[in-house]
Amino acid sequence: MLGLPRHVACVMDGNGRWAAQRSLPRTAGHKAAETAVIDVIEAAYAAGIPWLSLFAFSTENWLRPDGEVDFLMGLVRRTIRKHALALHARGIRCRFLGDSDIRIPPDLAQDIADLTTLTRDNGRMTLTVAFDHGGRRDIVRAARSLIRNRVPAEQVTEESFAHHLPYPDTPDVDLVIRTSGEHRISNFMLWQVAYAEWTFPQVLWPDFRATHFWECLDSYRGRERRFGAVRIPTPTGKS
Amino acid sequence: MTDATDTTAGDFTPGEGSLLQRLCNEARWGLAATRASILEAAHPQIGAALVDHSTFVAHPWRRLRNTVVSTQRIVGGDERVRDKETARLNRLHSRISGTDSRGRPYDAMDPEARAWVVATLFESTVMMCRLGGEPLDQAAQERLYAEFRALLGHLGDAGGGRLPATLAEFWPYYEKTITEGLENTEAVHAVLYRLFAEVPAPPLLRDHPATWAAVRALAGPLATAITVASLPESYRRQAYLTALPGARVLMHGAYLTAGLATRWLPSSWTRTEVLLDVLNLGPGPGQGSPVVDSLRDHAGKVGALLRLVTPVPTRPGTGGSARRSAERFFAEVLDQTGDGYLDWPDLAAMAREIASRLDLDEQAENRLFTAYAAWWEELRTAMDADGDGRIDGQEYATATTLAGRALIEIAEILFDATDTDGDQAISPEEYRVLFRTTFDHDSAAGAPVPLSRSAFVREFLAFMAGRHHSAAYENLLTQT
């Protein structure tokens, strides 16, 4: 039996299908996702999980139709502004993992910066929102940073490499929850998910609630993590 | 009177532990200084000089910052800094003279007027302590008075200038000046009713005009009511300033709260630096002490919080054009005194701001002022169509360009003064001193790093011709 995961990540998948099932525009699915996001943050907070990451918008998502992208940007902005105070009051540190892409509207970029500034000294839980994030890009950037800092080849280890990734204090992901039954990584936090356990609940993200989250936690706790070894001598409470 | 009160000029050493330094470094001293400035503005000579020369209506926050910085230099412990600052203040004031609307001459170096400035600051400080619930006893008052007199002496008015020698003689002098020497001047009304009601947003809230308008709608009248209620009864009657019902209670409450806060809150919260920091006007990060940096951190968070909780501002289409309207450029950059006209005091105010930013010595300062004076001559000849000795918005809009030979000369002098190491290029560090901002924000607009002389002159001319926005120059010349 395992203890609580230290770092849980959610790939929020299924908004489009949720809307399609109801004959609604795709944007309605994104809108309905907000409730699930807040519910999961609350559930993780209540369960005492110190690190939560949400995969919101990937670099590939820029390829979606313009109208949908604009809607998403507006939605993220409204959501940030609506919940900023509540997040801050709970002592949640909010971070955004991703690029400061020029395609992000300046208003939204300002809000993202403001939320980060406002909550940067909070310590109860760290919420990382992967927004316009690409796992490979982060790795490439880390490599560039190593070269730029003239780190000798023999000094490049897994550990020293990780220091050049964005937010190097983030621990490895223990549990990834990917909703809607999809079994893909989708370029999400590639480095950090190396030893993660995965769960694939069938429920679509807009329907995902605290109870589903708890089920995933239970399933994680029932597993035996081996980190590549045949058997771990003593299961640790922490990982 | 005791010998202690008879301090002669020349041995002014406020330094650590002096009453003057302690009280001036408390943020609540702002209340006293505001009140004092009204009583100063009521002095006919000072009032006229303020109306003609001061930028306090158009750029109050910049003016506030300069005042606080200057005060801290003078009451601070470092003798060299103090001497330099008093010399600078004297040079600054020696350039301010003229005649008021009734044809009476005024001069900022007039010993009577200078004594009155110090007198109001002393009396307002005494009152601040009394209303703050911690009155100064006789000995303390005498000590403070001696320190203020010595300050005036240090500013060059030998023997404490026109201030009476003892505290006992001070009070009759003060009463007499209030009843006989003060007038219902335009400057008093400008501060109480125009400045407080129309004060532009402080830097922190500049991007949120709606929020600031809401705050100001409440805070403006409140500031007026509190200040009016704190003025001496006899002057209020004379100037037809009516204290609103309840304003006295409000005023007492404000002073008492400020006094209690100073006593009970950690001193790092109630010192003058906090004021600057909240206004987000201080030097860049990494410049101040850890305390200031942590305050900056808090100010940053407050700013972030404010921006997040304010409703999304409806942004008028910016159009993306670098060209700004002539009207706005006139109001924001050229008309420094905010009287609707461009005349010598506006240009002098620009020169003053640049000189204090770069901490110019006397020679360089004179060079700059001479260049500005030449520019003024050039402008007046070219633009003053109706020959009234000043340029209004209409005349400015119809004129072709501001950029002539004299303006190039100013740019050259500015370059020389900014290029402190004389390597014929403006390094990022030198740039930061002048503009209080870093290069790279602007380098997108085409300014390479480091700036060569010709690029610097070109950028300056482009800005002054009103053709280009420049965050750096706006920070220097328009920052309210």
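Predicted model: local features only at pLDDT ≥ 70, side-chain atom pairs only at ≥ 80, totals over all residues.
Among the contacts in chain A with a separation of 6 or more, 77% are accounted for by residues 24 or more positions apart.

Two packed helices are described by the angle between their axes and the distance between the axes. Helix α3 of chain A spans residues 66-89 and helix α4 of chain A spans residues 106-119; their axes come within 10 Å and cross at roughly 20 degrees. Angles under 35 degrees count as roughly parallel, and the crossing angle therefore makes α3(A) roughly parallel to α4(A). The crossing of these two helices is left-handed.

The residues that form this contact can be listed helix by helix. On the side of α3(A), they are A:M73, A:V76, A:R77, A:I80, A:R81, A:A84, A:L87 and A:H88. On the side of α4(A), the contact is made by A:D107, A:L108, A:D111, A:I112, A:L115, A:L118 and A:T119. Sorted by class, the contact between α3(A) and α4(A) comprises nine nonpolar, two polar and four charged residues. An α-helix has 3.6 residues a turn, so residues three or four places apart point the same way.

Attention now turns to chain B. Its secondary structure amounts to 24 helices and six strands. Chain B has 480 residues, of which 38% count as buried. For the contacts in chain B with a separation of 6 or more, the share that falls to residues 24 or more positions apart is 72%.

Which residues in α4(B) are buried? They are B:P60, B:W61, B:R62, B:L64, B:V68, B:I74 and B:V75.

Finally, the two chains touch each other. How many residues of chain B are in contact with chain A? Seven residues of chain B are in contact with nine residues of chain A. By class, the side contributed by chain B consists of four nonpolar, one polar and two charged residues.

Note on methods: Residues numbered from 1 in each chain as written. Chains lettered and ligands numbered in written order. Axes fitted to C-alpha atoms, helices over the stretch in contact; angles between N-to-C directions. Helix = DSSP H or I, 4+ residues; strand = E, 2+ residues; numbered from the N terminus. Parallel < 35°, antiparallel > 145°, perpendicular 65-115°, else oblique. Left-handed = near helix turned anticlockwise from the far one by under 90°. Contact = placed C-beta atoms within 7 Å. Nonpolar A, V, L, I, M, F, W, Y, C, P; charged D, E, K, R; others polar. Buried ≥ 20, exposed ≤ 12 C-beta atoms within 10 Å, placed from the backbone.
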